[in-house]
Amino acid sequence: MATPFPFTAGQVLTATQLNNITTLPINDQTASYTLVVGDVGKRVIMNNAGATTITVNNSVFGVGDTIFIANKGAGTTTITAGAGVTINTASSLALAQYGGGTLVALSASTFCFFSGGASYGAATGGSSSSITVGGVNYTLLTFTSSGTLTVTKSGLFDVLLVAGGGGANGINSVWSQASSGGGGAGGILQSTIYLDANQTVTIGAGGAGSVDAAETEAALGSSSSIGGANGLSVAGGGTSSGASTNTGLQQATSGGSGGGGQNWSVTRQRNGAPSMAPAVSGYAGGNGVNSNTQGQGAGGGGGATAVGGNAATTTGGAGGAGYDVSAFIGGSALFKAGGGGGGGTTGGAGGSSVGGAGGSNAAGASAGANTGGGGGGAGIASGGSTPKDGGSGGSVIVYVRFK
């Protein structure tokens, strides 16, 4: 039942009406709005996908008048002081979606806004820029090397972590029947956290690809993290199947995304590895062709948003698709964490063009710095015996933004 507030002279209230006097009327607005005296005791709720304002003018309200203001739209609503008006607050007058609080008149021209919840904080560190996403203005801090997030105002922060991509194993002359799979992409983690102290941001390397001359195996991608033991962290990408040492074959390993499998008749070598967190931060690697014949294709490494492609005859599988971070940082499409392509007579493409491409009877390509992409697998053609290295994964990148 609707509340009888505001009351009128001589009004007689029923018991039901008395029980509903705390049910304040709602004044829904979809465009910038100026408060009026009739809003006293009401909830003024803004709903707009773009930025809006709620203006408070002088000599409209009396001492003790209160108005609850909230924003349920995607665009920021800013409480704005009119001419001669002062609005004090310990939080922020810029209300993000679902933010709100109570505006109290201390005089006809002085108000205090009491926030109904945590607001965004402020910090420095990394490389700073101003961005707009969905009509909301943010400061974006980008970390491409380890450093400190210096919190200058406690509050909420949006964080996007991209872990390092996994390296790909290669091919040596002893085990030259098979191409190698692509490395798995680094994991992705997006969250909003409350911070009231400085935080360490750790930027690690991508996993090194195998080097045949040194008989090294490929390495997992580094995790990315912000804060200590109780902070946020996401796993780096897994390595692929291949033959990087004379002692035997290496199997694909799990990570933020799993590495791809080589072409081979043994299932455990042929199958791609799963992600450590399926459909949350990454996906599984693809499978190689069921054959020990030279020139056949290997599987692509898993990506942040899709599984690695399975190989088809002599063509390696494409790396799994990466994640478009422009939804977080604004601007045009920008992908991170694509899987590495599998090797073959024709190598598979790197996922979303950030994973390393698979080798076409050649060494696998490495992913770019700060992409979190997986390294490309090495390819071998029929009659080939020349050892070929696997590609390295891309290093970590961390984004932090606040309104």
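**Aromatic pairs, strands and cores**

Student: Phe-61: buried or exposed?

Tutor: Phe-61 is buried, at 4% relative accessible area. The cut-offs are under 20% for buried and over 50% for exposed, with partly exposed in between (1.4 Å probe, protein chains only). This is a predicted model, where local features need pLDDT of at least 70, side-chain atom pairs count only at pLDDT 80 or more, and totals for chains, interfaces and linings use all residues. Residues are numbered from 1 along each chain as its sequence is written, and side-chain values use heavy atoms, leaving out hydrogens and water.

Student: How confident is the predictor?

Tutor: Mean pLDDT (per-residue confidence, from 0 to 100) is 91, and 95% of residues reach 70 or more. Helix H1 (residues 15–19) has the lowest confidence, at a mean of 67. Strand E23 (residues 335–336) has the highest, at 98. Helices (H or I, at least four residues) and strands (E, at least two) are DSSP runs, numbered from the N terminus.

Student: How many aromatic pairs are there?

Tutor: Three. Ring centres must lie within 6.5 Å; planes under 30 degrees apart are stacked, over 60 edge-to-face, the rest tilted. One of the pairs is Phe-61 with Phe-111, edge-to-face at 6.1 Å centre to centre and 90 degrees between the planes. Phe-61 sits in the loop between E4 and strand E5 (66–71), and Phe-111 in strand E10, 50 residues apart. Phe-111 is buried too, at 2%.

Student: What about Phe-157 and Phe-402?

Tutor: They are also edge-to-face, with 5.8 Å between centres and 75 degrees between planes. Phe-157 is in strand E15 and Phe-402 in strand E24, 245 residues apart. Phe-157 is buried at 0%, Phe-402 at 8%.

Student: Back to E10. Which strands pair with it?

Tutor: E7 (residues 86–89) pairs with E10 (residues 110–115) in parallel over four bridges. Pairing takes at least two DSSP bridges. E9 (residues 100–105) runs antiparallel to E10, joined by five bridges. Ala-105 is the bridge partner of Phe-111. Four residues separate E9 and E10 in their hairpin.

Student: Which residues touch the most others in the largest nonpolar core?

Tutor: Phe-143, Leu-149, Ile-226, Val-398 and Val-400, out of 22. A core joins buried Ala, Val, Leu, Ile, Met, Phe, Trp, Tyr and Cys residues through side-chain atoms within 4.5 Å. Strands E13 (136–143), E15 (155–162) and E24 (397–402) are among the elements giving two or more residues.

Student: And is there what else, apart from that core?

Tutor: Another core of 17 residues, including Val-44, Met-46, Val-56 and Ile-79.

Terms used. Rings of Phe, Tyr and Trp (its six-membered ring) pair if their centres lie within 6.5 Å; planes under 30 degrees apart count as stacked, over 60 as edge-to-face and the rest as tilted.
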